[in-house]
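Have the structure open as you read.

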Amino acid sequence: MTDPVARLLPWVGPEGKPCFLVSDGTGYVSRVADGIEAAQLGSAADLIEEALRVLAERTWTPGEIHLLAVELTASLIDVRRIAESRGARLPVPDHDPDVSATGREHPQTMP
């Protein structure tokens with residue numbers, strides 16, 4: 001069993017605040033979070049394909065471009081949260097300049 005670590009979950013609480021789980025990464029909530037992250041990354045991949053198709057056709061309406069921008073923004077927020085979560089769980093090398101500069105291993109940049 002590994003030491004418990006704090007994990008940023010791929011959803012927010014009722015007030016829009018980040019949710020964290022402290023565990024060894026093997027429990028039920030960790031598996032649910034893994035599944036949601038996988039679905040979010042899959043949706044992002046699908047959205048990238050759709051964006052490339054829409055932009056290549058050059059026949060979009062302003063409404064289509066607006067909707068695409070809204071969906072891309074939501075997806076980017078999800079993917080950034082996943083990257084923050086996974087990055088925060090990586091071991092930090094002793095020589096990491098970010099650690100010595102901030103005094104913290106992983107500064108929280110999520111809203």
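Searching the whole structure, which is a predicted model, turns up six salt bridges.

| Pair | N to O distance |
|---|---|
| Asp34 and Arg7 | 2.8 Å |
| Arg86 and Glu37 | 3.1 Å |
| Glu50 and Arg53 | 2.5 Å |

Take Asp34 and Arg7, joined by a salt bridge. This pair ties together distant parts of the chain, with Asp34 in helix 1 and Arg7 in strand 1, 27 residues apart. Asp34 is partly exposed because its relative accessibility is 36%, while Arg7, at 5%, is buried.

Next come Arg86 and Glu37, also paired in a salt bridge. Here Arg86 sits in helix 2 and Glu37 in helix 1, 49 residues apart. Glu37 has a relative accessibility of 2%, so it counts as buried; Arg86, at 40%, is partly exposed. Together, Arg7, Asp34, Glu37 and Arg86 are linked in a network of salt bridges.

Glu50 is partly exposed at 31% relative accessibility, and so is Arg53 at 39%.

Now for helix 2 itself. Which of its residues are buried? Leu68, Ser75, Arg81, Ile82 and Ser85 are, and their cover includes strand 1 (5-12), strand 2 (18-23) and helix 1 (28-57).

Conventions. Residues numbered from 1 in each chain as written. Predicted model: local features only at pLDDT ≥ 70, side-chain atom pairs only at ≥ 80, totals over all residues. Heavy atoms only, no water. Buried < 20%, exposed > 50% of the residue type's maximum accessible area, 1.4 Å probe, protein only. Helix = DSSP H or I, 4+ residues; strand = E, 2+ residues; numbered from the N terminus. Contact = heavy atoms within 4.5 Å. Salt bridge = Lys/Arg side-chain N within 4 Å of Asp/Glu carboxyl O.
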